[in-house]
Amino acid sequence: MVSAPHEAMHRVFQEYPSLLSGLSDVLGLELPPVASAELLTVDLTETEPLERRVDTLLRIRTESDGPFLLVVEAQGKKDPGKTASWPYYVTYLNNKYRLPVLLLVICQDHATAAWAARPLTIGLPQWPTVTTRPLVAGPHNMPVITDVAEARKDLAFATLSAITHADNPDVDAILKTMSVALRDAPESLVEPLVEFIAQGLGNRPAAQQWRNLVAVDLSFYTSPLSEEIRDEGRAQGRAQGRAEDVLLILGARGVDITDATHEKVTSCGDLEVLRRWLVRAAFVTTSDEIFAEETYADR
């Protein structure tokens, strides 16, 4: 199953193909400025019953050096199968479109990036017939952007940098920089970038940090993610209010509230469970009795 970070690492190039120009310094390769880009089909299946698909395929038209094909592969871990499939992609596409092919691999960890950067050879050890050399962008060469002005220079590039540094110890500072940098950007630009970062973080702890930043720093912004965050916030607010009511009733009745009870009540986000505890709080003699199975509402 394709993961959200996998999608974010290559789909950002579909929205912002000019990213390739920004990667020139990172990759140590002088690339011509992108004039335009055309999204091509990612299906490389032939008549044989063997399906082959790249993640993203773009026909790049440059301002001076002619067109070429850009294959963007998002790689979350080492995959021995790529030893065969990546050379196939390059030779097949070159044969089909009669254009130069550039293979770019985006990674989120150092080990995968080092693995992906190795030349892939086909032939004899003493004479490789075909050599495929992927370009790799990842935490080993993408800059850590924690300066708002720098992020604003190229928001798409800064977004890709944030995605590749999802496991960086300073990811909170990186995400805070992005949320501030996006504040004054056009909403049409903010929407996809916010979603790409959310996807790129996957289920990492930093994903919740990003949701919190979107809710606070980008409160003006409307999207499925922001609406989901706001719905969660409203639900959490209702749960917090009901938990406070449970503790208030226990305290008003002079029932000693243990630390364990306080922790369990305040950490509960289930409104129905809290409702049951609220009813029981009016009858119990010890605070932990609110967690008992019997219902005190019928007394």
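**Close-up 1. Salt bridge between Glu73 and Lys82.** Glu73 and Lys82 are joined by a salt bridge, with the closest N and O atoms 3.1 Å apart; the term stands for a side-chain nitrogen of Lys or Arg within 4 Å of a carboxyl oxygen of Asp or Glu. The model is predicted: local features need pLDDT of at least 70, side-chain atom pairs count only at pLDDT 80 or more, and totals for chains, interfaces and linings use all residues. Residues are numbered from 1 along each chain as its sequence is written, and side-chain values use heavy atoms, with hydrogens and water left out. Glu73 counts as buried because its relative accessibility is 1%. Lys82, with a relative accessible area of 13%, is buried as well. Buried means under 20% relative accessible area, exposed over 50%, and partly exposed in between (1.4 Å probe, protein chains only).

**Close-up 2. Salt bridge between Glu38 and Arg61.** The side chains of Glu38 and Arg61 meet at 3.4 Å, N to O. The pair links distant parts of the chain, since Glu38 belongs to strand β1 (residues 34–39) and Arg61 to strand β2 (residues 56–62), 23 residues apart. Strands (E, at least two residues) and helices (H or I, at least four) are DSSP runs, numbered from the N terminus. Glu38 is partly exposed at 31% relative accessibility, and Arg61 is partly exposed at 37%. Glu38, Arg59 and Arg61 are linked in a network of salt bridges.

**Close-up 3. Salt bridge between Arg53 and Asp43.** The N to O distance for this side-chain pair is 3.3 Å. Arg53 and Asp43 each lie in the loop between β1 and β2, so the pair ties together parts that are ten residues apart in sequence. Arg53 is partly exposed, with a relative accessible area of 40%; Asp43 is partly exposed at 26%. A search of the whole structure finds seven salt bridges.

**Close-up 4. Packing of helix α1 against helix α9.** Helix α1 (residues 4–15) and helix α9 (residues 187–201) pack at an angle of about 150°, with their axes 6 Å apart. Axes are lines fitted to C-alpha atoms, for helices over the stretch in contact, and angles run from 0 to 180 degrees between N-to-C directions. The two helices, α1 and α9, are therefore roughly antiparallel, a term for angles over 145 degrees. The contact (heavy atoms within 4.5 Å) involves Ala4, Pro5, Glu7, Ala8, Arg11, Val12 and Glu15 of α1 and Phe196, Gln199, Gly200 and Leu201 of α9.

Notes
Angles under 35 degrees count as roughly parallel, over 145 as roughly antiparallel, 65 to 115 as roughly perpendicular and the rest as oblique.
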